[in-house]
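Biologist: I am new to this structure and would like to learn how to read it. Could you walk me through some of its features?

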Amino acid sequence: MEKFEAAFNAIIEQDLKVEPRDWMPEKYRKQLIRQVSQHAHSEIIGMQPEGNWLLRAPSLRAKQVLLAKIQDEAGHGLYLYSVAETLGITRAEMIEQLHKQEAKYSSIFNYPTLTWADMGAVGWLVDGAAIVNQVSLQRTSYGPYARSMVRICMEESFHQRQGYEIMVQMSFGTPEQKEMAQDALNRFWEPALMMFGPHDAESAHSSQSMEWKIKRESNDHLRQRFIDRTVPQAEYLGLTIPDTKIKLNKETGHYDHGEFNWDEFWNVINGNGPCNQERLDHHKKAHYDNEWVREAASAYAAKTESSVA
Amino acid sequence: MNFTFESNESKFLLRIADTSLILAQRLAEMCSKGPFLEEDIALSNTSLDLFGRAEELYKIICRIENDKFEPDELVYKRNERQFYNLKLVEQPNEDFAWVIVRQFLHDVYAKEVFTELLKSENSEVVGLSQKVLKEIKYSHLHAKDWIERLGLGTEESNSRTQSAVNHILKYIEEIFNFDDIDKTYLSNTAEIESKWNAEINAVFAAYNITRIEVPPLSMRDYRDGFHSEYMGPLLSVMQYLPRAYPDAKW
């Protein structure tokens, strides 16, 4: 046992990758399952707020781009469920945990999408924040997770551009469109920043995750990187960041910002956001309404396998 | 806007374009509602193929009509009675069996139509048909595989599939009431119908689905812009933004 543990520690220390067949501490495995399944569920639940505008997308191009994007997210969910499966949990078990609210997903998807500009804001801010986090995770210590992040990041960067393109169209469009763009920024700015999680001092899983190199950079560090990158993009659009304290600090080279409404953050995480119930109900409905389809496929497989044998 | 089409070819292509568009929109409704993730992705793929197909056809139509309108205008600015899609593809996603049955009945037809269009005198139509036939090959196989699984799977899956077939079959008759315009661009309409019947009958028989007798229907023809009541709500949703903000560019 000590020998195995030493080997594991050496992998972490030398910045090599832990692979599915390697020995790993039970807590490392559990922590990864928690994080990867949460990541997978986020991709899948994240299909819903965008799906809300799919049927109303205002041009053939916009519709195809949005559908392709949502489909990518389904694909990301699929990779990530597969990553988690290498750690010894099945997709069915993960879905059950989601339905029982034992597994979480990113709280950002509990906010409603109210106008077409939200398709821009989600791509620009939500995918933008996800990329900052995921680029960092390309260096995570678990091999399958790290490799999935490389591929996912390539697609996410398209998503972010898709979102920003909508923001450009709206911000430089009619006064009504610009108003929608500003409104979307107002509503999504703070929830997007809170995607990075609580401040480092209050983050329950952070320190162990950092030691095991599951997580490579702290919540606050990643959040600051996102703010620094995004504020100039908002300026280009002629939109106002809904934080009066946002200001470039010449000494640090970073943007200072105001404090966030953490009460809201915790309240939404704890199930009391605008759409928590709806998101879960939608997923459950699709899952259980279609149980007969999965049963038919299994019954068919059983019949045809036995006839072959 | 004035949506009069001068050319018979554009009138003909519009029927296929509209059919592709409306079916694509119906399939897009399934996004995040599939029975499992792989199937969700598959249905989105088919929807994307159909949107792309519709867009290419609208572009050809617009060129034939000397660019007096744009593809997005054809999609977002026409009224219900100015659409010429098969009523089959307007039918709702009552359950997964409806989705699959509608797709299968459509794909077998579309496969025959685009095979005929390989002989078109319009080189753009020929090029598009070559590409489309590759897409249909997958979509058709996917639908047929599901008919097999649902037909032979469980009692429930068989009965749901049978029920979908019973409801949807009444929208088939009009497909084969080919008019002179169809006959100008499809050299062998009788063969399209006989091949469609042969395949549907064989597949249904193989997978325990009964093709019920449908009495002759008093149903006005899709070629004259007649629809079921499902069409209006679908268009209201699809066209909402460009109609609510006519000055905006998207």
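This is a predicted model: local features need pLDDT of at least 70, side-chain atom pairs count only at pLDDT 80 or more; totals for chains, interfaces and linings use all residues.

Biologist: Let's begin with helices. How are two packed helices described?

Modeller: Two packed helices are described by the distance between their axes and the angle between those axes. In chain A, take helix H4 (residues 60-85) and helix H5 (residues 91-99): their axes come within 9 Å and cross at roughly 110 degrees. H4(A) and H5(A) are therefore roughly perpendicular to each other, since angles of 65 to 115 degrees count that way.

Biologist: Which residues make the contact of H4(A) with H5(A)?

Modeller: H4(A) brings Leu78(A), Tyr81(A), Ala84(A) and Glu85(A), while H5(A) brings Arg91(A), Met94(A) and Ile95(A). Sorted by class, five are nonpolar, two are charged and none is polar.

Biologist: What is the crossing angle of H1(B) and H9(B)?

Modeller: It is roughly 80 degrees, and the axes of H1(B) and H9(B), which spans residues 231-244 of chain B, come within 11 Å. That makes H1(B) roughly perpendicular to H9(B). On the H1(B) side you will find Leu21(B), Ile22(B), Gln25(B) and Arg26(B), which meet Met231(B), Leu234(B), Leu235(B) and Met238(B) of H9(B). This contact has six nonpolar residues, one polar and one charged.

Biologist: Now the two chains. How should I think about the size of an interface?

Modeller: It is often given as the accessible area lost when the parts come together. Here chain A and chain B bury about 4,000 Å² between them, with 70% of it on carbon and sulfur atoms. Of the area that chain A buries against chain B, Leu60(A), Trp292(A) and Tyr300(A) supply 20%, more than any other three residues. Counting contacts instead, 42 residues of chain A touch 49 residues of chain B.

Biologist: How many cavities of 30 Å³ or more does the structure hold?

Modeller: It holds three. The largest cavity contains about 150 Å³ of space.

Biologist: What lines the largest cavity?

Modeller: Its lining has 15 residues, and Arg15(B), Ile16(B), Thr19(B), Tyr109(B) and Val113(B) lie nearest its centre. Helix H1 (8-28) and helix H4 (96-117) of chain B each supply at least two of the lining residues. By class, the lining has nine nonpolar, three polar and three charged residues.

Note on methods
Residues are numbered from 1 along each chain as its sequence is written. Chains are lettered from A and ligands numbered from 1 in the order in which they are written. Side-chain values use heavy atoms; hydrogens and water are left out. Axes are lines fitted to C-alpha atoms, for helices over the stretch in contact, and angles run from 0 to 180 degrees between N-to-C directions. Helices (H or I, at least four residues) and strands (E, at least two) are DSSP runs, numbered from the N terminus. Angles under 35 degrees count as roughly parallel, over 145 as roughly antiparallel, 65 to 115 as roughly perpendicular and the rest as oblique. Contact means heavy atoms within 4.5 Å. Ala, Val, Leu, Ile, Met, Phe, Trp, Tyr, Cys and Pro count as nonpolar, Asp, Glu, Lys and Arg as charged, and the others, Gly among them, as polar. On a 1 Å grid over the protein atoms alone, a cavity is a set of points where a 1.4 Å probe fits but cannot get out, and a pocket is an open set with protein on both sides within 12 Å along at least five of seven lines; lining residues have an atom within 4 Å of a point. Grid points are joined across faces, edges and corners, and a volume is the space filled by probe spheres set on the points. Buried area is the accessible area (1.4 Å probe) that two parts lose on being put together, summed over both.
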